[in-house]
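Student: I'm new to this structure. Could you walk me through it?

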Amino acid sequence: MIIREIAGIQKLQAGGGGHILFVGQTGTGKTLAVERTQEEEHKTGKLMVIIENAKSNLESGFCNLTLQERYKYHLDKLKFQGETPQKKDIKIYHLNNNIPTYKKIPETKIWTMNIKHIDRLLTSYLFEESSESSSISILNTAIERLKDNEGFFDLFMKLKKGDIKAEKDLFSLESKASSINFNTILNYLSRFRDQAILMPNNYEKNLDIVKELGEQKPYHIFSNRYIADSKVRDLATLYLLNEIRKAKAQGLIKREIVIVLDELKTLAPNNPLFNHQKILSKLLTEILSVCRSLGITIIGATQLYGEIDSGVRQSFSEVLLGRTTALSELKEISSIVGFDYSMRQMIMELEFNQFTFLSQEYNRMGTWHFHLPRHAHAERNLVFDRLFEKEYPDKMKNYKDEVKDIMSNFKMQEERVRGSL
Ligand SMILES: Nc1ncnc2c1ncn2[C@@H]1O[C@H](COP(=O)(O)OP(=O)(O)OP(=O)(O)O)[C@@H](O)[C@H]1O
Ligand SMILES: [Mg+2]
């Protein structure tokens, strides 16, 4: 974020290159502040990618709905801001996993993963190994060597056959004692047998991030809401971030990109329950640090600063703190940035939409009052799907046939591989 003087008034402006994290207890207006920041960034021509993690309600989709009269605080504030409500275009995406087929859902682009894009970063996540063992090297090599039309079953068979009858070049790597056993890899991969997620390079439903982000106008919302398995859910997020990073590094996407990760703690908790989350935080920290130099800004939000993995939170160069009365949290923040008593008091007294910078450079500027977004917001008890259906009945779709098609393609791949044995 940068601060500029515009017509004698100091204004926070999007930009400046650093990742931004909003922190504050529930109901302080973090999401509203994130939404306003999104609007400002989008206005300047940046691409907006929103990753909705682990929420059944599609909070970020509300920008596409009408701002209802009964949210008077919002309409009044817009008047005060000299603005009128304005809807945003959205495009919703979901990985082909557990998509409900018995009912209609808001129009969604269902995507699969290109198996050849499962690179070292993703295999180290899948097998929870930050250093590359020899078995993982073999897996990576086998993936690299897959042909255009070869997919999951080809990979599986190649690995399996190789285990019995070592193909010289491919398995020469298996000389070192490896910490991850070859059978573990096969066992783990067999989890993907019943789910058409990993598809051949030439499969039409693979996420083509360059093509999708060719459109600047809609907010690109990547939802994970139907994915039940937390490891697959995080894989979807990691795959997406990795695709964006690679495309940007290769110069295939010209515009700057903003990626929004509200509820960051679901992705990078400080005390993770599962092992895969630990490695995920490490990988995220790595991705976040390269993103900055590539023209990708991350905007995150969380209720407690201390609940985010320390590596991940340190990747954020700007932390905006909203009202917090949790004493242990205040103590922790104070010990990190050296708040004195009056500063702590001020934070406990912040109002709706007010935030103060944690960084020394800006906190002398006091508190900042954020404008509200011009679009509707996910107010308590509102269900996105229900309101979307009311407003856009024609955009409610049933994906039964599409999901079936993807599955039958996957099954055909299996039969082809079995047939060739
Ligand atoms: N200026 C305001 N005046 C009145 N009510 C407000 C104002 N700002 C926010 N609110 C209310 O607070 C609610 C919470 O805002 P928001 O969703 O941005 O909070 P949050 O910090 O993201 O919370 P959570 O951590 O639960 O996600 C809003 O939905 C709105 O009802
Ligand atoms: Mg929120």
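**Domains, core and ligand shell**

Tutor: The protein is divided into domain 1 (2-112 + 205-403) and domain 2 (116-197), with bounds from an automatic or database domain assignment. This is a predicted model, where local features need pLDDT of at least 70, side-chain atom pairs count only at pLDDT 80 or more, and totals for chains, interfaces and linings use all residues. Residues are numbered from 1 along each chain as its sequence is written, while chains are lettered from A and ligands numbered from 1 in the order in which they are written.

Student: Which element gives the largest share of the side of domain 1 that touches domain 2?

Tutor: The contact (C-beta atoms, placed from the backbone, within 7 Å) takes 15 residues from domain 1 and 10 residues from domain 2. On the domain 1 side, α9 (230-249) and α10 (275-294) each supply at least two residues; helices here are DSSP runs of H or I, at least four residues, numbered from the N terminus. The largest share, 6 residues, comes from α10.

Student: Where does the largest nonpolar core lie?

Tutor: That core has 102 residues, meaning buried Ala, Val, Leu, Ile, Met, Phe, Trp, Tyr and Cys joined through C-beta atoms within 7 Å; buried means 20 or more other C-beta atoms within 10 Å of a residue's own, placed from the backbone. Both domain 1 and domain 2 give residues to the core, so it lies between them.

Student: Which element gives the largest share of the shell around ligand 1?

Tutor: Among the 15 residues around ligand 1 (C-beta atom, placed from the backbone, within 6 Å), Thr26, Lys30, Thr31, Leu32 and Tyr73 come nearest. Two elements give two or more residues to this shell, α1 (30-43) and α2 (72-81). The largest share, 3 residues, comes from α1.

Key:
Buried ≥ 20, exposed ≤ 12 C-beta atoms within 10 Å, placed from the backbone. Contact = placed C-beta atoms within 7 Å.
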